[in-house]
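Colleague: I'm new to this one, and I'd like a close look at a single part. Could you pick a spot and walk me through what lies around it?

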Amino acid sequence: MPELQPLRADHAGPLLTFETDNRTFFARSIPDRRDAYFANFAANHRDLLAEQEAGTIRFHVLVGDDGEILGRFNLFDVDGGTAEVGFRMAEKATRRGVATAALRELCDLAKSYGLHGLKARADIGNIGSRRVLRRNGFIPTNETQTGGTSTGETTFWRDLDDEFRIGGELRVRRLGFGAMHLSPTDGDVVRRAVELGVTLIDTAYLYGWGANEELLARTLWPYRKEVLVTTKVGVARPGRLDGRPEVLRAQVHAALTRLRMGRLDLLQLHRIDPEVPLADQVGALKDLRDQGKIGHIGLSEVTVDQLAEARGIVEVASVQNRYNLLDREHEQVLAACEAAGIAFLPWRPVLPGVTDSAVGEVATEIGATPAQTSLAWLLARSPVMLPIPGTAKITHLEENIAAGALRLTRAQRDRLGSAARPGESLR
Ligand SMILES: NC(=O)c1ccc[n+]([C@@H]2O[C@H](COP(=O)([O-])OP(=O)(O)OC[C@H]3O[C@@H](n4cnc5c(N)ncnc54)[C@H](OP(=O)(O)O)[C@@H]3O)[C@@H](O)[C@H]2O)c1
């Protein structure tokens with residue numbers, strides 16, 4: 001990590017410098033504005049300057065517009081690949097979306113410094129900051145809470161390696177949520193998932209013949225910009241594959257209506273129908289993409305050859321195959337996805353590991369549950385891995401999402417990985 005210098009008006013060292021659509025954050029490249037920021041900052045934040053002088057804060061990043069301060073980040077410490085920052089945002093900044101943009105930039109910047117985590121301290125009374133942190137995948141942590149209510153601060157934690165851009169542009173957190181198990185009255189589970197920072201939610205027409213999609217729309221619409229709801233087509237009532245182009249078209253249009261979307265950012269083909277040429281099925285989705293009804297195309301339960309054939313017709317952004325610690329049948333498909341930067345969404349990511357003895361042993365070692373250990377192994381398995389654990393229980397949901405913060409040693413990963421061999425299925 002580069003040496004981070006205290007920030008001063010005459011500072012010439014590395015600074016956080018970033019811009020968003022409508023705001024220029026403190027930018028060394030704009031010296032005239034820099035002076036304005038400092039004049040304002042010095043007038044309004046003598047307390048912070050004093051702390052900086054005393055060396056307790058290594059630098060500040062100001063967020064402003066012609067001297068108007070909308071928020072600030074203060075770096076307190078860097079330890080074990082994690083930076084600890086103070087985070088305070090004015091309510092008006094959170095309303096304008098400036099705070100989210102700034103936070104994302106901060107995460108990108110920290111990543112470019114080679115950091116793996118960010119701890120953000122937020123004032124308990126600063127509701128805007130807390131909301132923005134949660135919305136951007138920061139999880140409040142009890143164990144690192146710095147003094148709880150006595151200091152008026154909570155610490156939020158965020159893994160910086162937990163994001164993936166599907167199709168190079170749909171930015172999601174790698175640990176998603178599968179909605180398949182939800183009944184039409186389970187809206188609270190979905191709401192909690194989003195509250196915990198989940199930004200990838202998987203559904204399908206098959207799940208309740210549209211009822212699952214309707215539940216998501218009822219609960220989440222209007223959708224937050226950062227939330228990606230992805231559905232699947234290609235199975236028809238009463239439960240048979242149907243990949244005829246006219247059926248796929250009709251199912252996509254119906255999904256758009258049920259999900260109340262103008263476009264499906266990621267649409268997956270649930271299965272390749274062996275009765276219909278693959279080119280016709282993928283071609284129908286390509287046409288829908290060209291018409292703007294679909295953003296990116298994903299496949300499900302495909303072989304390496306089918307994936308290659310489909311990629312000869314259209315760009316494939318994601319693959320959803322059954323894969324977990326004990327079921328490595330699709331290892332070669334994962335390798336193909338990794339090579340091409342395609343998101344791999346393993347379904348059935350949790351269940352088989354829950355009763356496995358190797359998983360149980362490592363789980364005890366790291367103080368986690370077997371389900372969490374299985375998920376931690378998956379996340380560590382590949383950077384293109386985006387597990388979508390499914391549950392109808394909030395307790396299981398919370399448990400699963402917390403797995404994103406677990407770290408396995410190489411030896412633990414190897415022990416878990418050898419529970420099944422690549423190509424093998426112990427289901
Ligand atoms: N593309 C496909 O063909 C396909 C096929 C199947 C599924 N999927 C998608 O993949 C998602 C995940 O697959 P899945 O639901 O079959 O597999 P899963 O997520 O591995 O397993 C879900 C099962 O495990 C239980 N579970 C979840 N978290 C748990 C925990 N922390 N501790 C103990 N048990 C836990 C759930 O029951 P509780 O409700 O009791 O927690 C549920 O029965 C689905 O939701 C769906 O979106 C896709």
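Modeller: Happy to! Keep in mind that this is a predicted model. Let's start with Glu361, which you will find in helix α12, the stretch covering residues 357-366. Now look for Gln412, which is 51 residues away from Glu361 along the chain. The C-alpha atoms of Glu361 and Gln412 are separated by 9.7 Å.

For contrast, turn to strand β4, residues 117-123. Six of its seven residues are buried, so β4 is largely enclosed by the rest of the structure. Strand β4 is joined to strand β3 (residues 82-89) by six bridges, and β3 and β4 run parallel. Within that pairing, Phe87 stands opposite Ala122 of β4. Strand β4 is also joined to strand β6 (residues 153-159), here by seven bridges and in an antiparallel arrangement. There, Lys119 faces Trp157 of β6 as its opposite residue.

Finally, have a look at the ligand. It is surrounded by 24 residues, and the closest are Gly178, Met180, Ala371, Gly390 and Thr391. Helix α14 (residues 394-402) gives the most to this shell, with three residues. By type, the shell around the ligand has 11 nonpolar, eight polar and five charged residues.

How values were computed:
Residues numbered from 1 in each chain as written. Predicted model: local features only at pLDDT ≥ 70, side-chain atom pairs only at ≥ 80, totals over all residues. Buried ≥ 20, exposed ≤ 12 C-beta atoms within 10 Å, placed from the backbone. Helix = DSSP H or I, 4+ residues; strand = E, 2+ residues; numbered from the N terminus. Pairing = 2+ DSSP bridges. Near = placed C-beta within 6 Å. Nonpolar A, V, L, I, M, F, W, Y, C, P; charged D, E, K, R; others polar.
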